[in-house]
Amino acid sequence: MRKSPYPIDHTLGLSWYISDLDGIGGRLKGDPEDFVVEEISDNPSPAGTGPYLICRLTKKNWDQQRAIKEIAGRLGVSHQRFGFAGTKDKRAVTTQFISIYKADPAVIQSLHIPDITIEPVGSSNQQISLGDLKGNRFRISLSEYEPLKPETTTDDVVAGLAGGVPNYFGYQRFGVQRPVTHLTGLDILRGSYEDAVRTFVSTPSTGESEEYAEGRKYYADTGDAKESLHHIPVRLSLERSLLHHLVSNPGDYAGAFHTFPRTLRSMFVSAVQSWLFNRALSMRIEEGRGLADPVEGDRIVFSDGRSDVVTAGTSRMAAMQVKRDRCRIAIFMQGSEPVQATGPDDKNMAWLMEQEGITSEMFGTASTFLETRFSGAPRSILLNSDINIEMGENRMDFAFSLQPGQYATTLLREIMKADPIMMI
């Protein structure tokens, strides 16, 4: 167990490494082709019927929301017609299924967008939604790393991760250069919609171009949406959509967020839940409580989604079930439904919420405002995967699969122990 030396890790709650091996550093995503992600999903039936056209979307170096807005613009339809099961990395080559309401396959096939391929594969009566994802398959190449010590092999690296790693929400959930998602979500939870717009539009980014930085500063200093549109670059389309709404609807800061697709605007509050989970998990590690050693008061979650609380009478049985990988210890991610504290993790979560001035009622209000339920759920604190490592010329290649909601960077940070800026 090691404490991270990077301030951003502590800001985002990823305070610990579980592996004692020295990190090899390195750079992820030196090129988009170095980070390949393929969604694991039930293949839609080509013979299916329904108003939702199911397509296989492959993109390179495209932010997902901007890719969907680009496709929607080419089709002349609202981006609200699109559905997807999970958000994929920008600086990567990613393949996933999306649904488009009442789209013409012939028109889809005629689209020509640089570094985007979209292929109709079937139809369905239901759109693809968040939660439909079954997992992701990764092929990742690491460059600029420190060679392994002579006495260390790739088998040693794999063995060092055999017991699993903390199931943190990864950097992509928040951002590293601009970790603004959860901060915007905190403003929304508190009902401070004007602050939420200002946070999202104005928060600067590490290494951002002077043009971008000046545009953000102009809005931070003036709060003038109309004039800020002359300063904020066109490529910052999400920020500009908020400002365009405020020009047409002065003072309607809450309504501005409804210019975003529902799946996107829900991510702000979800990021707060993720941030609290990371911090509670780091507190557990710091207190010396194991990731696979259940004690009285711990929550456990089974593979079928059932959950339970460990009691004095069931602790031995729970330990056996965890050892056999039939269930895992979980921390409950707070939402709109009040949860009675049963153990140290719940008490830590309650303390964190009190420190931030957050209540379950705030999640309920946000659920209504964002049209998304934030009811809370238990999340496993352990991530493990069969990982294959191959050495190439000046590169180290990794292949593995992860379950929905798990992050490749969370696994690889244990091997790299690199500056987070090298991992995005």
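1. Terms for residue classes come first. Ala, Val, Leu, Ile, Met, Phe, Trp, Tyr, Cys and Pro count as nonpolar; Asp, Glu, Lys and Arg count as charged; the others, Gly among them, count as polar. By these classes, the lining of the largest cavity has 4 nonpolar, 3 polar and 4 charged residues.

2. A word on the model. This is a predicted model, where local features need pLDDT of at least 70 and side-chain atom pairs count only at pLDDT 80 or more, while totals for chains, interfaces and linings use all residues. Residues are numbered from 1 along each chain as its sequence is written, and side-chain values use heavy atoms, with hydrogens and water left out.

3. Now the cavity itself. On a 1 Å grid over the protein atoms alone, a cavity is a set of points where a 1.4 Å probe fits but cannot get out; a pocket is an open set with protein on both sides within 12 Å along at least five of seven lines; lining residues have an atom within 4 Å of a point. Grid points are joined across faces, edges and corners, and a volume is the space filled by probe spheres set on the points. The count comes to 1 cavity of 30 Å³ or more. The largest cavity has a volume of about 40 Å³. Its lining includes Gly297, Arg299, Phe332 and Asp346. Strand E13 (327–333) and helix H13 (344–356) each supply at least two residues of that lining. Helices (H or I, at least four residues) and strands (E, at least two) are DSSP runs, numbered from the N terminus.

4. The second largest pocket holds about 280 Å³ of space. Of its 14 lining residues, Ser41, Asp42, Gln127, Ile128 and Asp132 are the closest to its centre. The lining of this second largest pocket has 6 nonpolar, 4 polar and 4 charged residues.

5. Look next at strand E11 (residues 299–302). Arg299 and Val301 point one way, Ile300 and Phe302 the other way, and all are buried. Buried means under 20% relative accessible area, exposed over 50%, and partly exposed in between (1.4 Å probe, protein chains only). In a regular strand, side chains alternate between the two faces of the sheet.

6. What does E11 pair with? Two strands pair if DSSP finds at least two bridges between them. E11 and strand E12 (residues 307–309) pair in the antiparallel sense over 3 bridges. Arginine 299 stands opposite valine 309 in E12. E11 and E12 form a hairpin with 4 residues between them, and glycine 305 in the turn has a positive phi of about 95 degrees. E11 also pairs with E13 in the antiparallel sense, over 4 bridges. There, phenylalanine 302 stands opposite cysteine 327.

7. Strand E7 (residues 93–101) deserves a check too. Why is E7 largely enclosed by the rest of the structure? Because 7 of its 9 residues are buried. Strand E4 (residues 35–40) runs parallel to E7 and is joined to it by 3 bridges. Glutamate 38 has threonine 95 in E7 as its bridge partner. Strand E5 (residues 52–60) pairs with E7 in the antiparallel sense over 9 bridges. Leucine 57 is the bridge partner of glutamine 96 in E7. Strand E6 (residues 82–84) is antiparallel to E7, with 3 bridges. Phenylalanine 82 stands opposite isoleucine 100 in E7.

8. Aromatic pairs number 11 in the structure. Rings of Phe, Tyr and Trp (its six-membered ring) pair if their centres lie within 6.5 Å; planes under 30 degrees apart count as stacked, over 60 as edge-to-face and the rest as tilted. The rings of tyrosine 52 and tyrosine 101 have centres 5.2 Å apart and planes at 50 degrees, so this pair is tilted. Tyrosine 52 lies in E5 and tyrosine 101 in E7, so the pair ties together parts 49 residues apart in sequence. Tyrosine 52 counts as buried at 19% relative accessibility, whereas tyrosine 101 is partly exposed at 30%.

9. Another pair is edge-to-face: phenylalanine 200 and phenylalanine 268, 5.5 Å centre to centre, with 80 degrees between the planes. Phenylalanine 200 is in helix H6 (residues 193–202) and phenylalanine 268 in helix H11 (residues 262–286), 68 residues apart. Phenylalanine 200 is buried at 8% relative accessibility, and phenylalanine 268 is buried at 3%. Phe200, Phe257, Phe260 and Phe268 form one aromatic cluster.
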